[in-house]
Amino acid sequence: MSAHALILAGLDGDRTWRLQDYVARGGYAALKKIVAEKTPPDAIIAELKASGLRGRGGAGFPTGLKWSFMPRAFPGDKYLACNSDEGEPGTFKDRDILRYNPHAVIEGMIIGAWAMGCTRGYNYIHGEIFEIYRRFEEALAEARAAGLLGRNILGSDFSFELFAHHGYGAYICGEETALLESIEGKKGQPRFKPPFPASFGIYGKPTTINNTETFASVPFILGMGGEAFLNLGKPNNGGTKIFSISGHVNRPGNYELNLGTPFAELLELAGGIRGGRKLKAVIPGGSSSPVLPANIIMDCTLDYDAISKAGSMLGSGAVIVMDESTCMVKALERLSYFYHEESCGQCTPCREGTGWLYRVVHRIEHGLGRPGDVDLLKSVAGNIMGRTICALGDAAAMPVQGFVKHFGDEFAYHIEHKQCLVPRGVQDAGSQIYVSPSC
Amino acid sequence: MILTPETLQEFDREIAKYPAGEQRSAVMACLALAQRELGWLSPETIEFVANYLGMAPIAAWEVASFYNMYDLAPVGRHKITVCTNLPCALSGGVHAAEYLKKKLGIGFDETTPDGKFTLKEGECMGACGDAPVLLHNNHRMCSFMTKERIDQLLAELEKQ
Amino acid sequence: MLEIEIDGKAVRVPGGSTVMDAAAVAGVYIPHFCYHKKLSIAASCRMCLVQVEKAPKPLPACATPVTDGMKVWTRSEAAVKAQQGVMEFLLINHPLDCPICDQGGECQLQDLSVGYGGAQSRYAEEKRVVFNKNFGPLVASDATRCINCTRCVRFTTEIGGLMELGQAFRGERAEIMSFVERTIDSELSGNIIDLCPVGALTSKPFRFSARAWELSRRRSVSPHDAFGANLIVQTKHDVVKRVLPFANEELNECWISDKDRFSYEALSSGERLTQPMIRRDDTWQPVSWQAALALAAGCLRDVIQDHGAAALGALASPHATVEELHLLQKLVRGLGSENIDARLRQRDFRADALRAGAPWLGMAVADIHDHLDRLLVIGSFLRKDAPLLAQKVRHSAHRHGLQVSAIGPSGEDWLIPITARALVAPSAMVATLAAVAAALAEESGKAISETLAARLPDKDALTEDVRAIARSLASGEKVAVWLGNLAVQHAQAAELHLWAQEIARLAGEGQAGGRLGFIGEAANSVGLYLAHALPGAQGLNAWTMITAPRKAYVLLGVEPDLDCADGVAAMAALAQAQRVVALATFASPALREVADVLLPLAPFTETSGTYVNCEGRAQSFNAVAVAPGEVRPGWKVLRVLGNLLGLAGFEQESSQAVCEEVLGGDFRARLNNVIGDVPPSTPRSFSATPVPGVLQRVADIPIHFADPLVRHAPALQKTADAAAPVLRLSRNTLDSLGLKAGETVRVKGADAGVAGVELQLVVDETVAHGCARVAAAHPDTVALGPLTGELIVERI
């Protein structure tokens with residue numbers, strides 16, 4: 001881990017997640033200060049704006065600005081939701097945050113509740129990490145017992161209830177309005193916006209939703225000051241970011257780096273490419289971000305603006321590394337299958353289009369491609385893009401567009417020769433079971 | 001009563017997380033609890049949960065059929081879900097699944113004749129750094145599943 | 001007001017409008033599937049994507065709020081490209097079975113694909129197949145054709161009040177279904193057929209019987225409940241093939257109930273009476289109209305000659321038209337008798353001498369939305385008795401905060417949130433209303449009327465339920481109190497009317513207070529008063545005509561065993577009569593048993609006529625189909641009969657001329673619910689003290705047995721609402737009798753004095769203690785005798 005780590009700093013695996021450990025690391029100091037000094041909400045939001053913190057879930061929306069959208073004088077409950085429904089292939093940072101530093105998230109949420117006047121909150125946790133959900137419930141119990149949650153927090157007149165809500169196998173619930181529906185006990189089908197959650201969220205009440213890592217950053221920002229946090233990164237890309245690196249690297253895992261760190265540095269931290277093979281491509285921000293070929297990504301720094309300039313997205317900071325043994329058609333086939341499988345079925349372009357995309361890629365991969373299939377893929381992806389209620393349609397279209405754009409020749413080869421450009425044996429060797437020796 | 005009083009107590013604990021009148025929010029948790037106790041969700045179980053929460057049975061059915069960790073048909077005593085999504089596949093997820101298929105003699109969505117094991121193909125579990133990854137009965141995640149670890153796991157489950 | 005430009009046309013729309021609303025104002029059509037003006041916005045089909053200035057992506061017109069100065073293009077290249085893209089997606093998995101699809105010719109997908117679809121499909125993969133569902137006898141499912149617009153799901157939830165359908169599974173496997181193959185049992189279910197933009201939901205009775213373009217469309221009016229829904233009757237070769245709603249925003253909007261929609265099947269029933277018949281030596285013989293009418297006139301003349309005019313009685317169906325009722329009463333009065341009535345299921349007629357006018361809803365149906373915030377419903381099976389009125393109340397309760405309270409012996413689910421309810425036996429209803437009046441006087445600070453002050457119950461009667469009702473009523477400004485069919489059929493109906501009037505006066509704003517109303521039982525429950533199909537001061541009412549039998553009867557559209565307050569007594573009275581002349585649409589077994597002359601009567605589709613609905617709306621209609629055989633409109637038959645009897649005033653040339661005699665002038669001025677003081681009574685039908693094993697009967701009239709048409713409609717008879725009657729008791733009542741649920745028991749009417757019937761016991765906590773709910777108007781329960789009264793339950 002980088003020396004600059006904040007959220008992941010000072011952790012010792014499963015041994016240091018409890019309240020006492022967090023407090024020993026300086027945890028809850030920010031909250032206690034706020035409560036003691038009765039820090040005005042505006043001051044907190046100003047500090048967040050100064051920090052340049054952008055949403056860590058993928059969209060990168062400025063957090064301070066989002067918090068300022070919550071209506072001030074709303075009679076009745078206002079809600080806070082934490083999005084820990086981490087299911088975008090390649091992303092596994094929130095699991096580690098909740099596993100090793102759950103109180104940072106809780107503290108961040110309590111501070112958020114204070115700043116936005118929220119009375120209730122839910123942390124929506126990916127169903128597949130059920131053990132983490134249970135641990136988070138334990139952490140909540142600790143916080144309640146310590147007077148940090150519930151009625152009259154730390155003896156003040158500020159009250160905030162926080163609960164954990166688990167998913168049960170639906171990627172779409174990572175979409176914030178699908179998450180709200182799911183909390184309400186419904187299918188995770190996204191809502192049309194407007195109205196936005198800030199005016200019509202959980203049970204129709206004003207609601208702010210942030211990613212786990214975003215909330216976990218908040219206590220550190222208030223501890224060190226917004227400007228200091230900003231300076232860890234670069235302008236408009238403040239602070240540290242956890243990068244989940246997976247795929248063909250020697251040491252996959254989470255690395256917390258300053259935004260703006262060169263990609264090459266992350267690759268080196270992750271032990272470089274396995275088996276001495278060459279880097280072929282990287283998906284830099286979770287499976288929905290367009291793939292970038294080695295030559296482009298090797299010149300990139302890891303921050304929102306640089307990756308965007310390169311034609312992709314920093315997204316959730318999930319870096320999927322593929323070496324030369326990878327068949328790009330097969331890689332896309334698996335991703336297209338995923339989006340087809342995870343489409344919620346609500347709106348037409350995604351419900352019908354994701355299956356079409358998958359079937360065409362599947363056909364190409366299995367030697368049944370036809371001339372014109374690449375154009376068909378581009379056209380179908382184009383017809384999904386920007387036409388759906390939520391971003392899943394775009395998420396399904398963008399990988400297709402990225403893979404076809406940068407690796408079109410591999411697709412053409414497949415169609416023409418009815419087989420992969422990369423020999424089967426090479427692919428097979430590259431995708432063997434690999435577990436880092438340190439695990 | 002098709003569920004034990006202990007499970008119903010857990011239902012109530014889940015319901016208490018939500019404001020009065022919004023008990024429907026607990027449907028995902030209650031379905032998961034019911035499935036944990038009964039192994040799968042029969043229509044009767046889903047209707048029971050719906051009635052417990054005062055919601056239309058079809059609304060509970062929508063939920064149960066939407067989220068893929070709910071089982072709408074009986075599964076083996078040990079349901080093993082292997083992630084084969086791209087990041088896992090790059091580090092052997094598919095090979096781990098193939099190894100399991102060979103060892104258990106079944107394919108995805110099949111159950112061994114003795115009713116002990118069901119194998120499922122999973123989507124991203126948010127643990128790509130731990131590849132190969134699999135879930136045992138939804139709630140236990142097994143990381144870094146080399147062939148040796150798969151052998152160990154199966155041996156352990158075989159004894160249960 | 002906001003200004004918006006759509007395709008270059010500037011329009012002004014109120015704040016909160018969507019682009020779709022604005023387009024409607026501008027007269028611009030935007031293609032759509034999931035959008036429906038009466039349902040919540042789904043924005044999921046994406047067919048209505050349009051280009052909006054400054055928006056980076058096309059936006060759905062149905063869900064995009066208008067902002068001031070917005071510029072929208074619905075047919076720009078970008079908009080059309082988006083719409084065409086969506087159309088292609090909709091079609092890739094849609095079967096190409098238009099030639100065998102019932103929706104063909106009236107399919108939104110088919111129509112729009114002409115404009116937005118490609119000539120050739122680019123989709124080369126296998127198409128999706130979805131298994132069909134069994135949704136019951138009314139709605140057919142072709143699930144593969146479904147485009148998942150979810151209109152049907154939203155309808156069951158938002159309009160029907162119960163989520164009977166859902167979209168299960170997800171992604172491409174998403175499908176519309178009910179919970180584990182349950183049928184759709186809503187009494188409004190047929191509307192999802194109209195809502196379905198493709199051929200996924202079609203009418204089961206109509207299936208494959210005609211093509212949409214072969215049908216003529218003619219307007220009509222529902223002949224069933226007092227709501228008077230507007231209909232389009234579709235015919236092919238003058239035969240009715242289908243009935244659809246005629247949209248009337250003031251009344252039924254675009255909905256009709258299932259009985260409105262599917263009762264047309266009865267028109268081709270084998271039981272139709274299609275030619276005049278006379279009984280000769282105990283066999284029925286077809287005769288000419290001339291012979292039949294001559295015989296009928298002769299019968300009536302003879303009886304009057306021998307026994308006097310008071311020996312003649314006439315019973316008319318409240319579903320008969322204003323014209324028929326008017327001519328019948330004219331005929332009876334012309335013969336010197338005052339014995340005529342169309343209120344066949346009523347028992348207590350004391351109000352006749354005390355009422356100020358024709359009882360009606362007391363308000364316009366359209367005013368429920370905007371002009372009501374509290375409603376008390378007394379003695380009603382609201383949802384099944386008046387499905388569309390219930391829907392209005394449901395809508396207001398959900399959307400406008402209308403608080404609904406209820407008093408009665410049955411608390412079955414109306415799918416309407418109920419604020420307060422007093423579940424009380426029929427014998428306790430008067431006292432309960434008095435208690436509500438007392439509590440309301442306390443709450444509102446208004447004084448009880450002098451005449452009623454002495455009859456107030458003591459404090460003990462002011463139960464928490466009663467107080468909750470009073471609190472709800474007192475907290476409102478615009479209040480209505482409605483009396484339902486059970487209240488009207490009640491043995492103390494006049495006192496219920498009196499107390500309801502008092503409650504309405506005490507509730508609501510100002511001295512006038514709230515509004516009193518009657519829900520009304522039949523298509524012409526109001527019209528029968530206006531037509532004066534009522535006994536005169538010396539005449540006998542429907543109840544006394546069957547309890548003090550006459551020598552001769554004229555029946556108009558009556559099935560006496562099923563339509564009367566006591567089927568046993570009615571049949572006995574008719575059986576002992578010397579002569580019975582019946583105008584009937586169906587030759588029911590009961591009529592064949594007691595009548596001497598059967599005259600085939602045209603149903604609503606084969607005659608012109610008028611109904612006055614619950615809100616006092618006179619709705620005239622014309623014949624839409626050719627009558628089979630010798631069937632004739634009732635007004636013509638009665639007019640000729642009047643001529644044959646040599647009576648004056650039977651010279652009308654048209655039904656309009658008949659109608660003019662009744663409704664000419666300001667007939668609405670005759671609508672009035674005011675009642676004078678009714679002295680208290682203890683009706684004979686309730687024992688003063690409860691007798692063990694003796695239960696008070698609570699009789700509902702099942703929705704698909706309420707009139708002769710629905711009884712003869714085969715598909716309606718297969719619905720859950722037409723299930724065989726059972727005996728419903730609360731758990732307490734059941735235990736006190738030592739009986740078990742599911743057991744079959746013998747039930748006898750305490751007054752019927754006959755063998756009784758065998759019924760299955762069902763525990764039903766919505767039935768008041770000490771009561772037994774058993775459906776009436778059903779062949780299986782006729783032997784129980786009167787609707788109101790007591791039942792004896794015995795173990796077999």
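**Exercise 1. Describe the fold content and overall dimensions of chain A.**

Step 1. Chain A of this predicted model holds 18 helices and 11 strands. Helices (H or I, at least four residues) and strands (E, at least two) are DSSP runs, numbered from the N terminus. Residues are numbered from 1 along each chain as written, chains are lettered from A and ligands numbered from 1 in the order written. The model being predicted, local features need pLDDT of at least 70, side-chain atom pairs count only at pLDDT 80 or more, and totals for chains, interfaces and linings use all residues, while side-chain values use heavy atoms, without hydrogens and water.

Step 2. The C-alpha trace spans about 75 × 45 × 35 Å along its principal axes. For 439 residues a compact globule would have a radius of gyration near 22 Å, and chain A agrees at 22 Å. This radius is taken over C-alpha atoms, and the globule rule is 2.2 Å times the number of residues to the power 0.38.

Step 3. Of the 439 residues in chain A, 67% are buried. Buried means under 20% relative accessible area, exposed over 50%, and partly exposed in between (1.4 Å probe, protein chains only).

Step 4. Among contacts in chain A with a separation of 6 or more, 70% join residues 24 or more positions apart. A contact means heavy atoms within 4.5 Å.

**Exercise 2. Find what helix 3 of chain B packs against, and with which residues.**

Step 1. Helix 3 covers residues 43-53, and its buried residues are B:T45, B:I46, B:F48, B:V49, B:A50 and B:L53.

Step 2. An α-helix has 3.6 residues a turn, so residues three or four places apart point the same way.

Step 3. The partners of these buried residues are helix 1 (5-15), helix 2 (27-38) and helix 4 (57-66) of chain B. After helix 3 comes B:G54, with a positive phi near 65°.

**Exercise 3. Locate the cis peptide bonds at A:P195 and B:P132.**

Step 1. The bond from A:P194 to A:P195 is cis, with omega near 0°. A:P195 sits in the loop between helix 8 (176-183) and strand 4 (207-211) of chain A.

Step 2. The bond from B:A131 to B:P132 is cis, with omega near -10°. The loop holding B:P132 runs between strand 3 (117-122) and strand 4 (134-136) of chain B.

**Exercise 4. Decide whether A:N236 and C:A777 are buried or partly exposed.**

Step 1. A:N236 is not a glycine, yet its phi is positive, about 70°. Its loop lies between helix 10 (226-232) and strand 5 (240-247) of chain A. A:N236 counts as partly exposed because its relative accessibility is 45%.

Step 2. C:A777, also a residue other than glycine, has a positive phi near 60°. C:A777 is placed in the loop between strand 31 (771-773) and strand 32 (790-795) of chain C. With a relative accessible area of 8%, C:A777 is buried.
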